[in-house]
Amino acid sequence: MKRKVFKCVFRTAMVFFLLCCLLFVLAFYRYSVKAYAAQLREEALCAAAALEAAGDSVLPDIGGMLTARVTWIAADGQVLYDSSGEADRMENHADREEVQEALLNGTGEGRRFSASTGETMVYAAVRLTDGTVLRVAAPPYGGAALLFNLFTPLLVALLLAGVLAGLLAMQVSRSVLRPIEELELSGTDERDVYPELRPLVRRINTQNRQIYRQMEGLKAEHERQDTLRREFTANVSHELKTPLTTISGSAELLRDGLVRPEDVPVFGGRIYDESQRLMTLVGDIIKLSRLESRLEMPDKHMVDLYELCDMILSHLEPVAKKQAVSLSLMGQPMSVFGAESTLYEMVYNLCDNAIKYNRPGGSVTVTLEQKDGRVCLTVADTGIGIPPEDVERIFERFYRVDKSHSRDVGGTGLGLSIVKHGASYHGVEVSVDSTVGEGTAMHLLFPPAVQRQEI
Ligand code: ADP
């Protein structure tokens with residue numbers, strides 16, 4: 001940048017200086033031409049004075065003394081003398097403008113191509129008292145002479161122009177770029193810079209504010225994640241502790257022979273149930289952490305959702321029977337792009353909840369339908385429903401509307417968290433419609449077919 005500004009200013013300054021030099025040379029040339037003409041006139045006057053004083057015998061001496069050509073012309077235009085020595089052969093000069101002017105005014109000047117010398121000449125003529133005219137002629141002041149005279153000063157001027165242009169360019173580039181170099185990227189007051197820089201400073205300040213806001217957002221998100229992680233660890237420890245306490249207590253009583261023989265199966269059953277609960281809990285924690293980290297996720301492909309729902313309902317049939325809940329599947333075969341095992345977990349958890357939080361004699365209906373070109377899966381039950389204030393929170397880890405009821409029905413509090421993370425992995429929107437005492441409907445809205453392939 002500095003180099004560019006330097007080059008640009010240097011070039012401009014050089015052009016400016018060269019133009020100045022050219023103008024100076026032109027002015028000097030005009031001055032020199034005038035001075036040359038004046039000198040010629042002076043020579044003519046001197047020569048005329050000598051001729052008047054000493055007579056025509058001095059003419060050869062004058063001719064020899066002056067570098068100019070000397071011509072003496074009679075009042076009628078006849079050439080009486082010429083320093084070239086060819087006066088006899090020269091034509092009448094009465095029509096020459098300088099001669100006419102000298103005869104009329106006393107002095108005359110002219111400039112034209114001379115047939116006698118074969119080149120352009122400058123003339124100065126003076127009328128003598130006897131009416132004759134003395135004329136001196138010399139080649140005009142030429143460009144070569146000018147260059148010869150001005151060679152050294154021009155060279156010095158050129159060098160000086162170069163140095164001055166360099167200094168100027170350095171000074172300008174420095175002073176132009178200093179405010180830019182001094183710009184504080186962390187924030188500069190707009191009023192401290194020159195107007196042209198203000199839009200840039202404004203943009204930098206806006207970007208800084210954006211970055212600051214993003215950083216604040218990230219920090220808040222980081223803190224939120226940290227709190228969630230801490231809460232999760234605390235919850236997991238608590239959830240693990242409860243069944244472990246039961247297992248350990250029952251095992252201790254059995255070991256110490258403090259259980260009556262007829263109660264042994266009861267204690268054994270308790271240990272078994274709590275171990276099962278522990279296994280389910282650990283399994284859910286593993287599934288959830290895999291989904292959260294998105295590590296080792298199964299590959300996605302087209303999955304027949306209808307077939308998958310059918311399989312899940314048949315797997316849950318024994319549980320539903322125990323609760324006296326009827327299961328049904330509505331709709332028609334529909335495929336979605338996804339990870340089959342994750343989709344299985346999601347739908348399984350929804351159906352499992354619909355059975356768990358149902359009432360005896362109730363029903364669970366899984367419906368598959370198209371909504372605006374998107375696949376929509378609904379799991380509706382006729383169960384206890386969810387209070388509106390809890391609907392937002394049921395997807396949080398370990399959140400349960402009724403902790404003891406969840407525990408009684410074998411819940412871990414992680415089922416809907418797994419649904420939420422699985423949905424986000426598939427770009428699926430989850431929504432809940434629920435009325436306490438009437439039932440709940442959970443909807444999974446899959447992304448449109450084109451997008452589905454890209455997720
Ligand atoms: P849990 O293992 O306790 O079922 P979930 O994460 O699956 O954990 O569900 C969280 C809570 O949301 C449940 O404890 C329950 O209170 C409520 N819930 C989930 N599904 C339903 C439903 N279909 N009907 C009523 N309440 C439900």
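**The ligand and its surroundings**

Author: Let's begin at the ligand: one of its oxygen atoms is 2.8 Å from a polar backbone atom of G413. A polar contact here is a pair of N or O atoms within 3.5 Å; within protein, one must be able to donate a hydrogen and the other to accept it, and residues adjacent in sequence count only if both atoms are side-chain atoms. This is a predicted model, in which local features need pLDDT of at least 70 and side-chain atom pairs count only at pLDDT 80 or more, while totals for chains, interfaces and linings use all residues. Residues are numbered from 1 along each chain as its sequence is written, and side-chain values use heavy atoms, with hydrogens and water left out.

Reader: Which side chains place a polar atom by an oxygen atom of the ligand?

Author: Y357 has a polar side-chain atom 2.7 Å from a ligand oxygen, and S406 has one at 2.6 Å.

Reader: How much of the ligand's accessible area does the protein cover?

Author: On its own the ligand has 530 Å² of accessible area, and the protein covers 97% of that (Shrake-Rupley method, 1.4 Å probe). Around the ligand are 21 residues, each with a heavy atom within 4 Å of it. N353, Y357, S406, T412 and G413 come nearest.

Reader: And how should I read a pocket?

Author: Rolling a probe the size of a water molecule over the atoms shows where empty space is left. On a 1 Å grid over the protein atoms alone, a pocket is an open set of points where a 1.4 Å probe fits, with protein on both sides within 12 Å along at least five of seven lines; lining residues have an atom within 4 Å of a point. Of its 45 lining residues, D352, K356, V409, G410 and G411 are closest to the centre.

Reader: Which helix gives the most to that lining?

Author: α8 does, with eight residues (helices are DSSP runs of H or I, at least four residues).

Reader: Where does the largest pocket lie?

Author: It lies between domain 2 (210-296) and domain 3 (299-452), because both give residues to its lining. These bounds come from an automatic or database domain assignment.

Reader: What about the second largest pocket?

Author: Its volume is about 380 Å³. The second largest pocket has 16 lining residues, with R224, L228, E396, R397 and K420 nearest its centre. α5 gives the most to this lining, with six residues.

Conventions:
Helix = DSSP H or I, 4+ residues; strand = E, 2+ residues; numbered from the N terminus. Points joined across faces, edges and corners; volume = space filled by probe spheres on them.
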